[in-house]
Every structure is written in structure tokens, then in C-alpha cells.
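Here's a quick briefing on how two parts of a protein chain sit against each other. Have a look at the model first, then read on.

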Amino acid sequence: MKLYVNDISSATSRVRIALAIKGISVETLPVTILGENPENRGADYLRVNPQGLVPALVTDKGTLVTQSIAIIEYLDELQPNPPLLPAGLEQRALSRAVALTIAAEIHALVPPRIARRLSSIPGMDAAGIADWNRHWTVEGLTAVDSLLASHGAGPFVGGEQPSIGDILLFPQMVNAERAGMNLAQWPAAAAIYERLKAVPAFADNAPAPRK
Ligand SMILES: N[C@@H](CCC(=O)N[C@@H](CS)C(=O)NCC(=O)O)C(=O)O
């Protein structure tokens, strides 16, 4: 299988973590997403993934699978062990809710294409974009933290083993920490994040820092 990736991309990091947990190897193909003419907006990559986003997986049957959560679920169904969803019904629902809160309510509001669009609005500057990113990250992680606390989650999002909720939580917390946010404001999420740092599949596949 081929995986189109970018090293700073947290959505790519999610899929890399899932692959590492499963012990699945793929061919990786880097795609730039920043700068004047990023490859993800170019004709060559749009022929691969018309949405122009990474990650994108091309299966060994030549089928395109886009969207990190769909790719992770594809991998989980392709090779069910170890599972990426918890065994318990309540824990599965929590793990999925954490994953979707991060993908839909945080990450979707802060990627490069949103920053590009914001910067074209008169009066918007780099400080305004940073404030936008911080706002949605704080609001989303606060929601995730209260979900985790109300479920008494631990040691990982869905119980004893890391699952899809952890896979989405980890890169988002890496980025929040790098942005200088005080992780102690999210005690339940921060405790899980500290445990995930000790799991090689996570630690070895964090998004790279932006240069
Ligand atoms: N919902 C998508 C988001 C993918 C996404 O936004 N990827 C970012 C990198 S983390 C990207 O390709 N950004 C390019 C851009 O925003 O122009 C997923 O989960 O795969």
C-alpha cells in the first residue's frame, strides 16, 4: 500500500500511529502542504486525491482511501489485531467521540488552507490567525477533557489499551504543547498524553515540528 504523507501533518501522524500499532508497513510518499505552491494543491496530487489533503492511502487493490479516521478504520478492518476500538460499548462510544471532537471540532478549523483563507480577509494578520487557532484548540480540548473526566477514562481513552481516541488525542496534544499551551488546564487529557508518550507507536510517530 502507498501512503501520501507530510511530516508536520497531525492527520498523517494519526495514520502512522495506527500503522505502527498494527505493525503494517507501507510505502510513504511525501507531499508538501506549506509555502507558495504546495504540492497538495498541484495537478499531480489532485489526480491522486481530488480533495488535496494528506494523508491518503492507496490500497494494494489500487483503491483510494481518504480521511484519517476512515483510513484508520480501514486498517483496523484489514487487520483486526490489535483492535483500535475498545471492547466495551461505552468505551467504544467515548473513544469515537474523542476522535471526532478532535477531527471535526479542532483540526478542521486550523489547517493551512483555513489559515490561507483567513489571511485573505482584510485586517487579518498572523496574530489574528494564531488567536483563531488557539481559540478552537482550547475550546475543543476543554470539551475532550470534560468528556474524559466524566467517563472516568484511564489509563487510556477507552480503557487499558490505546484506541482511536488516543490516536487522535496524541498529535493534537503534541501541537498544543509546542504552541506553549498549559496542558494542566486539561488534567484528564494531559494524564493520558503523558502515558502515550511512553508508548513507542505514539512517541515514534508524532508530527514533526514546523520549521
Ligand atoms: N479530515 C482530514 C483532514 C486532513 C488535513 O486537513 N490534512 C492537512 C494536513 S494535517 C492537509 O492536508 N492540509 C493541507 C491544507 O490545508 O491545504 C483527515 O482527517 O484526514
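How many Å separate the centres of domain 1 and domain 2? Taken over C-alpha atoms, the centres are 20 Å apart. Keep in mind that this is a predicted model, where local features need pLDDT of at least 70 and side-chain atom pairs count only at pLDDT 80 or more, while totals for chains, interfaces and linings use all residues. Residues are numbered from 1 along each chain as its sequence is written, and side-chain values use heavy atoms, with hydrogens and water left out.

**The two domains**
- Domain 1 covers 2–78 and domain 2 covers 89–203, with bounds from an automatic or database domain assignment.
- The contact (heavy atoms within 4.5 Å) takes 15 residues from domain 1 and 16 residues from domain 2.

**Buried area**
- Together the domains bury about 1,300 Å², 72% of it on carbon and sulfur atoms; that is the accessible area (1.4 Å probe) that two parts lose on being put together, summed over both.
- Over in domain 1, Arg14, Ile17 and Ile69 lose the most area to domain 2, together 42% of what that side buries.

**Charges and elements**
- There are zero salt bridges between domain 1 and domain 2, counting a side-chain nitrogen of Lys or Arg within 4 Å of a carboxyl oxygen of Asp or Glu.
- On the side of domain 1 that touches domain 2, helix 1 (10–22) and helix 3 (68–78) are the elements that give two or more residues; helices are DSSP runs (H or I, at least four residues), numbered from the N terminus.
- Helix 1 gives the largest share of that side, eight residues.
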